[in-house]
Amino acid sequence: METMSALQGLLGGVLIGLSATLLMGLLGRIAGVGGILSGLLFERGGDRPWRLAFLLGIVSGPGLLILSGLDWSNVAGDSGAVVGAPASGLAAMLIAGLLVGLGTGLGSGCTSGHGVCGLARLSPRSMAATLVFVLVAMLTVFVSRHMLGGSV
Amino acid sequence: MKALAGYLAGLLFGLGLAVSGMTDPARVIGFLDVAGAWDPTLIFVLGGAVVTTFIGYRLVWRRQAPVLDVRFQLPTRRDLDGRLLGGAALFGIGWGLTGYCPGPAVASLPGLSWPLALFLIAMVAGWWLARRFSPAH
């Protein structure tokens, strides 16, 4: 099943890349989910319609898979599910949500803006940001899972 | 037309996240947990996305301008600063604690739970705070 998961990862990644290419080719914009949604909520102006449409699109992707009953998803240990259950408690989710919002806001990008689009543009800022957030996330998992025993 | 383009891009993105397994925080944490039962799936997702975007960008940049707008809007800064790296570090802590980054968190709305709702509300509050701290906005 490891190979199947890797193939699905690759296919899903290609779909994300096509999405980024489409947004650049049609609208000239970076497909950074954090930036698009933060802009939708906190900026006025002509970008609101396409940003709102992007939000509806990203939600309707998994939504349509659930409605269609197609088993194309890749949730670990639950082949029928499209959306996996949160693995953390309420307190961790609250603190993490705040850190993800604050961090992607201050750092001008998230996994898609820096990690996908920025790396594809060979941007030095995105390469540095991606390296930092991946290493810090790995360290966070190591501390919370292996040093604090998964109690976070 | 711009809204339709936005919807199609969002739909492809959401399908990509679901097909690849990124709407499952356990898969993401499995990748980040290098000292545990390591799950390499995310490497294939990121690799597939970056290579496709790299090729796709160079194809669309052959045009003078995007199809539905007057110019490509690309970041121009190349310097590293504390805001960029500090922000990335804060984001990394939140990502590691839960396995959620903005895309998968929002794409998981069709399977909304209380913990996820709390995460999303806190994330929006974080975006608001970041804009208050940013002189550019």
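How many residues of chain A are in contact with chain B, and how many residues of chain B take part? Please describe the side of chain A that touches chain B, and then turn to the parts around it.

Reply: The model is predicted, and it scores ipTM 0.96 and pTM 0.96. Between the two chains, 104 residues of chain A are in contact with 106 residues of chain B. On the side of chain A that touches chain B, the elements giving two or more residues are α1, α2, α3 (48-68), α4 (90-106), α5 (111-120) and α6 of chain A. The most comes from α1(A), which gives 22 residues to that side. By class, the side of chain A that touches chain B holds 65 nonpolar, 34 polar and five charged residues.

Chain A also has a contact within itself. The chain is divided into domain 1 (1-84) and domain 2 (86-152), and the centres of these two domains, taken over C-alpha atoms, are separated by 18 Å. Here nine residues of domain 1 of chain A are in contact with eight residues of domain 2 of chain A. On the side of domain 1 of chain A that touches domain 2 of chain A, two or more residues are given by α1 (2-27) and by α2 (33-42) of chain A. The largest share of that side, four residues, comes from α2(A). The side of domain 1 of chain A that touches domain 2 of chain A has five nonpolar and four polar residues, and no charged ones.

A single residue of chain A may be examined next. A:Met127 lies in helix α6 (residues 124-147) of chain A. There are 16 other C-beta atoms within 10 Å of A:Met127; because a residue counts as buried at 20 or more and as exposed at 12 or fewer, A:Met127 is partly exposed. In sequence, A:Met127 and A:His114 are 13 residues apart, while their C-alpha atoms are 7.2 Å apart in space.

One of its helices, α4 of chain B (residues 82-98), has 17 residues, which at 1.5 Å a residue should span 24 Å. The end C-alpha atoms of α4(B) are 24 Å apart, in agreement with that expectation. Of the 17 residues of α4(B), 13 are buried, so this helix is largely enclosed by the rest of the structure. Just after α4(B), B:Gly99 takes a positive phi of about 85°.

Notes
Residues are numbered from 1 along each chain as its sequence is written. Chains are lettered from A and ligands numbered from 1 in the order in which they are written. This is a predicted model: local features need pLDDT of at least 70, side-chain atom pairs count only at pLDDT 80 or more; totals for chains, interfaces and linings use all residues. The expected span of a helix is 1.5 Å times one less than its number of residues. Domain bounds come from an automatic or database domain assignment. Two residues are in contact if their C-beta atoms, placed from the backbone, lie within 7 Å. Ala, Val, Leu, Ile, Met, Phe, Trp, Tyr, Cys and Pro count as nonpolar, Asp, Glu, Lys and Arg as charged, and the others, Gly among them, as polar.
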